[in-house]
Amino acid sequence: MAKKIHHLHDKFVKASFSDPDRAISFFERFLPDKLLDEIDIKSLKVTQESYIQDDLTEHFSDIVFEVTAKDDESVDLVLLFEHKSSPDKYVLIQVGHYIFSHYFKCISEKKPLKLILPLIYYQGKKQWREPDLASLFPKLSNTLSDFIPIIKHVFIALKSLSNDSIENIRNGMMAAAVMAQRSAFDPIKLAADFQRIFTLFSESKDRGNFLEQLFVYVLNVSDIQQAEINKAFDSIPTNIKDNIMTTYSRIQIEEQLKGEQIGIQKGEQIGIQKRQKEIILSLHEDQISLAQIAKYTNLTVAEVENILQQNGKL
């Protein structure tokens, strides 16, 4: 279950940042001003090039953006998404591994090196102070500490973002997505933010299927009760209410059909087991050996003996 939830978070974060304008609106709001002064954030584009070697795919979402520096030199802006519900003290080692693996890849492919700007995007509920490598070596002297690498990065903990800062994201779809991600590890807060999330979303145009992705994400990572959903529907703006309700109805139908299919599969399995038992009992009555019965039924001798014992034949 934990792995499934992690996949839901990762998939939705990727979807949220896959649109350049949504991504730009987030960076405009939360990147440090001194960094925004150096890069042309409007030039940002999502690149499909893989910057990560195979041994890193378990740790990184592989979302890469390229922007142009204001002196026209190309700069890679790399987003590293950390979706664990608890802090990871080794995250900067993973970032360093990422950076130098990419540089080695550039060297082997005879490509020019580009500056990488890591962004650690922390979505967990627990408090996490900005990581640094020095904290991993607490007993070193000042002289030896000088040899600890310094990995510059931008650290954004969603838990620390206020409602106002999120609501002021220029793109309403991104504002709604970030608010949903911020509250995803806190079911009570997510239920409280349910109405706010879709009110933000209603302010956007050209929403495409992102509304459905957002709604499915919220339903899957929360424990929102039916009464709370109905209450929220009453206050959600009418320009998206119909779409949300249609999506919700379809999800309910799909879940019902899935349940029915599982029931059918269980019924079929029970039927197979019943028929299998009848065959074993019949063959046993005909004094067929246990080894032969096992061969006919694709069971082990021990399984055949167990069925016969359950039915009082041994």
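The structure is a predicted model, in which local features need pLDDT of at least 70 and side-chain atom pairs count only at pLDDT 80 or more, while totals for chains, interfaces and linings use all residues. Residues are numbered from 1 along each chain as its sequence is written, and side-chain values use heavy atoms, with hydrogens and water left out.

**Overall fold**

The protein chain holds 13 helices and five strands, where helices (H or I, at least four residues) and strands (E, at least two) are DSSP runs numbered from the N terminus. Of its 314 residues, 43% are buried, a word that stands for under 20% relative accessible area, with exposed meaning over 50% and partly exposed in between (1.4 Å probe, protein chains only). Among contacts in the chain with a separation of 6 or more, 64% join residues 24 or more positions apart, a contact being heavy atoms within 4.5 Å.

Strand β1 (residues 39-47) and strand β2 pair in the antiparallel sense over five bridges; two strands are said to pair if DSSP finds at least two bridges between them. Across this pairing, K45 stands opposite E66 in β2. Strand β2 (residues 63-69) is mostly covered, since six of its seven residues are buried.

**Nonpolar cores**

In soluble globular proteins, nonpolar side chains tend to be buried together. A nonpolar core is here a set of buried Ala, Val, Leu, Ile, Met, Phe, Trp, Tyr and Cys residues joined through side-chain atoms within 4.5 Å. The largest such core has 50 residues, of which F17, F26, F27 and V178 touch the most other members. A second, separate core has 16 residues, including V91, I148, F155 and A157.

| Residue | Element | Relative accessible area | Contacts |
|---|---|---|---|
| V178 | helix α7 | 0% | F26, Y121, L158, L161, I166 and I169 |
| S183 | helix α7 | 0% | K189, L190 and D193 |
| T47 | strand β1 | 16% | V64, F65 and E66 |

V178 counts as buried because its relative accessibility is 0%, and its C-alpha atom is separated by 9.5 Å from that of L161, 17 residues apart along the chain. S183 belongs to helix α7, which covers residues 172-183.

**The largest pocket**

Rolling a probe the size of a water molecule over the atoms shows where empty space is left. On a 1 Å grid over the protein atoms alone, a pocket is an open set of points where a 1.4 Å probe fits, with protein on both sides within 12 Å along at least five of seven lines, and lining residues have an atom within 4 Å of a point. About 480 Å³ of space lies in the largest pocket, a volume being the space filled by probe spheres set on the points. Its lining has 19 residues, of which L117, P118, I151, K152 and H153 are the closest to the centre.

The lining divides into 13 nonpolar, two polar and four charged residues, where Ala, Val, Leu, Ile, Met, Phe, Trp, Tyr, Cys and Pro count as nonpolar, Asp, Glu, Lys and Arg as charged, and the others, Gly among them, as polar. At least two lining residues come from each of α3 (33-36), α4 (91-108) and β4 (116-122), and α4 gives the largest share, four residues.
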